[in-house]
There are 4 protein chains.
Amino acid sequence: MQLGLIGLGKMGGNMAERLRRGGHQVIGYDRSPTSPRDVEDLPALVAALEPPRAVWVMVPSGEPTRATITSLGEVLEPGDIIIDGGNSRYTDDQLHAKALGEKGIRYIDAGVSGGVWGLTEGYALMVGGDVGAVSVVQPIFDTLKPEGPGGFVHAGPVGAGHFTKMVHNGIEYGMMQAYGEGYELIKASPLVTDPDAVMSSWQQGTVIRSWLLDLLVLALQGDPGLAEIRGYAQDSGEGRWTIEAAIEHAVPLPVITAALFARFASRQDESVAMKVVAALRNQFGGHAVGKAGTEGAVPIT
Amino acid sequence: MQLGLIGLGKMGGNMAERLRRGGHQVIGYDRSPTSPRDVEDLPALVAALEPPRAVWVMVPSGEPTRATITSLGEVLEPGDIIIDGGNSRYTDDQLHAKALGEKGIRYIDAGVSGGVWGLTEGYALMVGGDVGAVSVVQPIFDTLKPEGPGGFVHAGPVGAGHFTKMVHNGIEYGMMQAYGEGYELIKASPLVTDPDAVMSSWQQGTVIRSWLLDLLVLALQGDPGLAEIRGYAQDSGEGRWTIEAAIEHAVPLPVITAALFARFASRQDESVAMKVVAALRNQFGGHAVGKAGTEGAVPIT
Amino acid sequence: MQLGLIGLGKMGGNMAERLRRGGHQVIGYDRSPTSPRDVEDLPALVAALEPPRAVWVMVPSGEPTRATITSLGEVLEPGDIIIDGGNSRYTDDQLHAKALGEKGIRYIDAGVSGGVWGLTEGYALMVGGDVGAVSVVQPIFDTLKPEGPGGFVHAGPVGAGHFTKMVHNGIEYGMMQAYGEGYELIKASPLVTDPDAVMSSWQQGTVIRSWLLDLLVLALQGDPGLAEIRGYAQDSGEGRWTIEAAIEHAVPLPVITAALFARFASRQDESVAMKVVAALRNQFGGHAVGKAGTEGAVPIT
Amino acid sequence: MQLGLIGLGKMGGNMAERLRRGGHQVIGYDRSPTSPRDVEDLPALVAALEPPRAVWVMVPSGEPTRATITSLGEVLEPGDIIIDGGNSRYTDDQLHAKALGEKGIRYIDAGVSGGVWGLTEGYALMVGGDVGAVSVVQPIFDTLKPEGPGGFVHAGPVGAGHFTKMVHNGIEYGMMQAYGEGYELIKASPLVTDPDAVMSSWQQGTVIRSWLLDLLVLALQGDPGLAEIRGYAQDSGEGRWTIEAAIEHAVPLPVITAALFARFASRQDESVAMKVVAALRNQFGGHAVGKAGTEGAVPIT
């Protein structure tokens, strides 16, 4: 089928390629003039598509996505469909669907997993929206998704797709941290002579084998002992939203939250909380403290 | 090759079967007269094996394993090899190796992962011991392990095998809890109409696909919504030892520890700590509290 | 000075009493006709006060507070001051100040700690707003606060008062949980013959002596071993907001979050996450599980 | 009464002083010739005391304490009493009591809280041992303890004193971390103009007022904003043992454990676990990573 696709970066570009290989006609637009775009602005995109149109938005989440959807709403027509495939927050979806619905434009949120591997392995899709709109776009979903029975779910009404993707990422935080903690402990023990070989051996037959473990082994092959990489991790919003959703529903998420906090801590030069702890130990016990700016070990007293 | 195998229960029985299918001669012993044992006591086991003998111990960890190894040490001869394939603590290995070494008996610790799936899929093996002893038993390891380049690692000297298996289980705790938290949050949200379908869709193309996820989908197929199973989990020691090892090496393990504590909490009728919290809230704020033995919600005040 | 006070419940009633003892003229209003109110509606309250008026709102946080402030905004005049003394979220303060500011009405947020003990011991106050408005109401703050140099802080502009009170409550969550965990561990050990006596002994000379510990000892005197109280705790919003603020600023709060999650868990009949863990253990290891609805211990396998 | 006291350092020296002011005769010994010791070796100490002797050991925990108690056991006589006032693990107490008991020497373990403030404020004491032995030394305890009804507990048989002190320290870890997290969040928010003033205001009237908070305010007065102190904290064993005891009894301690792990993390240059997380994010999503040795922020991708 025919699809407008806005955003031809790392993700959007590969998705356009997979869709074209699958026989779809993709009209691509990107605000960058140096991108491989097919049209030069949104009106041209709209003009190039047969109604009812389907336009997939694949731009950075937050303000860029919100602005793009608002602009699209001004040029599309009743009956057209917007799919937000970015990492938007599910609460944004509900606002978009309401505003667009007043103009007769339909809205679908699609959480997309796959990253740099999606072009060849397919993208896992978690979709929210009404049945009618989803069924129109289903041929696109079918081509993007990986082979096999899984890789696609229509999770519920608008917002359910991004909600589900958000939780997926929350689980991902927990799993990555679990592997990280295990690897750290193995490296800390003098017993294990080749920690990287342990990781690699775990790829077959163990309870903890997974695609993430396979990726870790790939990373270790390129950087033995992870000597070249900093212990510093960003977060892109979905871990935070997962915890906020958990708080809203009074669900305890100790593991996912610990994983997020470990990332926060990795980005701090120093913990202010620990300054308090050090200052208190000094006050009540006369314990030695370190002076700000120094780096060596502080003696145990 | 020839192998003595002590313990013909769920794990040991299947391992014997896999070894025999692989062309090895297994002489099995189990203290239970109703087991399919080949010999009736340890001396008979020793008599049935050609020196230098290799005897695999596959009995419950803790006292049963310690007692079996001690008894074996009394009947084996210098040059023989004992392999402890149970879930022993690595610190026990070091004691066993020392005691047996004084008699010239060699010792290998083998962490084994695979559970009920090992017979067909193979057992992942994490082995500790000296190179000479390990090379003697290598044909056995090669048959037990799954196909593929992984599934076996000689992790280091005595203790390294069980240490590695212990950390494997710690990671497993974290991963299982991560999936559990995600599933709980999805069920708690009214947005997602079919939480089980989400889990199943995640099996392809996602970052979090794994064997554990496949097992979760199997479990959900047999018990939709996990309605029939209690939220109650035991722990078998290795999660605890992982944290104790982390404490010894001053490694923070927030995720693995949170997963262990969640299991502890699942086995409590009630949290004594939370009694303290409730009593304090009542003292300073006059907040409502529940009376022991009642079950309904306590009003927010 | 003269003060209008809306809300004559547990907190507001005691505050009115403390203010009157301190020589202030308090005109009280409460929507309940059976309350000891001085006036029967907001217009009457406004009429009874000399401009520029100061009106303290002490009603339940959330919708009741928002509605009261909106209504007040319609009857007060430029130059008047509203003080929100409830447990409002600091983000609400910023909205209120903006809306009222357009009418020339000034706004102060005051976080109040003290609970049922405030009448006699004084209320700790954390105040946000501009210096001019705060200085007008300072005589009220001076009477409400406890004796001594502390107990009052003008923490910053509008919102800073409730933000500070929110963090105060977050710390309180962590402290209460710390005492709870310690008491639980002491009760779990067979070594300590009288856990309640330990708590009481800690009131003098220890590093952990505190007002909360004093309250715990009071609670234990009335209910030895906390046998009569359920291990069930509500939360009233400020713990949740603390974590949301931490997420906004990328500050790790492992202790405060663990304390909130322990409360969430205390209100669950059962952990869905733990159902997942139990189901997985059964799948890969054949471990025994409990059937939903049963209560006894599940054997370790 | 008469007391032998071994160890005249920061703690022991002040305790000797407090006891002498209270009218007791203290014979002090320390292995350092430059200490204000009264005798030059253990035999001289024994000779200087009237039987039945009471000797208080106040040396660093671990090997120094174990060696001192062993040596004392060789020179004391049946009926004499050893009190270990150091931060020994309760499991050591049980070994010491057994070994000494075979010689008829009685043993008491005394957990001591008070640090540098104990000389003037008194030392909180948590004591384990049999009633007969404790009653002999009670005059010493009565002088060391602070005024008031609290500050002393005979917690149970041998080991109960140090067990109780250990849990006290565990609670202390949690409380200190709770204050630290709150202070960090307040500093991270642009709303609060003077975080140190907030801390100081909390000393009166709040739910979270405590001696630790008083000490924090003292520290902030000497080092505003804690600008001069490093966010680096050692731990002295008791936090670790608390968690190990909790694991033994299957008691969840999320708050106390999070506090210990925060200290561990504060001493790491870098988190190996976070290297794993960063490497995985790079593998699946092409997310930017930092190169080891660099320090700036890694862009969010």
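Visitor: How many residue pairs are in polar contact between chain A and chain B, counting those with both at pLDDT 80 or more?

Guide: In this predicted model, the count between chain A and chain B is 18 residue pairs. Helix 7 (160-188) of chain A is among the elements that supply at least two residues of the side touching chain B. Helix 7 gives the largest share of that side, 18 residues. By class, the side divides into 40 nonpolar, 24 polar and seven charged residues.

Visitor: Why is the pair E121(A) and R209(B) called a salt bridge?

Guide: The rule asks for a side-chain nitrogen of Lys or Arg within 4 Å of a carboxyl oxygen of Asp or Glu. For E121(A) and R209(B) the closest N and O atoms are 2.6 Å apart, so the pair meets the cut-off of 4 Å. The rule finds two salt bridges across the interface of chain A and chain B.

Visitor: What makes up the contact between chain A and chain B, in residues and in buried area?

Guide: On the side of chain A, 71 residues are in contact with 71 residues of chain B. The two chains bury about 5,500 Å² between them, with 73% of it on carbon and sulfur atoms. In chain A, the residues that lose the most area to chain B are L185(A), L191(A) and V207(A), together 13% of what that side buries.

Visitor: Why is the pair K291(A) and E228(D) called a salt bridge?

Guide: The closest N and O atoms of K291(A) and E228(D) are 2.8 Å apart. The limit is 4 Å, therefore this Lys and Glu pair qualifies. Across the interface of chain A and chain D the rule finds two salt bridges, as well as 34 residue pairs in polar contact, both at pLDDT 80 or more.

Visitor: Which helix of chain A supplies the largest share of the side that touches chain D?

Guide: Helix 12 of chain A does, with 13 residues. The side of chain A that touches chain D has 32 nonpolar, 17 polar and 14 charged residues. Chain A and chain D bury about 5,600 Å² between them, 62% of it on carbon and sulfur atoms.

Visitor: What is the helix and strand content over residues 161-299 of chain A?

Guide: Over residues 161-299 the chain is 61% helix and 0% strand. An unreviewed UniProt entry places the feature "domain: 6-phosphogluconate dehydrogenase C-terminal" at these residues. The domain assignment of chain A gives domain 1 (2-158), domain 2 (166-266) and domain 3 (273-301).

Key:
Residues are numbered from 1 along each chain as its sequence is written. Chains are lettered from A and ligands numbered from 1 in the order in which they are written. This is a predicted model: local features need pLDDT of at least 70, side-chain atom pairs count only at pLDDT 80 or more; totals for chains, interfaces and linings use all residues. Side-chain values use heavy atoms; hydrogens and water are left out. Contact means heavy atoms within 4.5 Å. Buried area is the accessible area (1.4 Å probe) that two parts lose on being put together, summed over both. A polar contact is a pair of N or O atoms within 3.5 Å; within protein, one must be able to donate a hydrogen and the other to accept it, and residues adjacent in sequence count only if both atoms are side-chain atoms. Helices (H or I, at least four residues) and strands (E, at least two) are DSSP runs, numbered from the N terminus. Ala, Val, Leu, Ile, Met, Phe, Trp, Tyr, Cys and Pro count as nonpolar, Asp, Glu, Lys and Arg as charged, and the others, Gly among them, as polar. UniProt positions are given in the numbering used here, feature names are shortened, and annotations may be inferred rather than shown by experiment. Domain bounds come from an automatic or database domain assignment.
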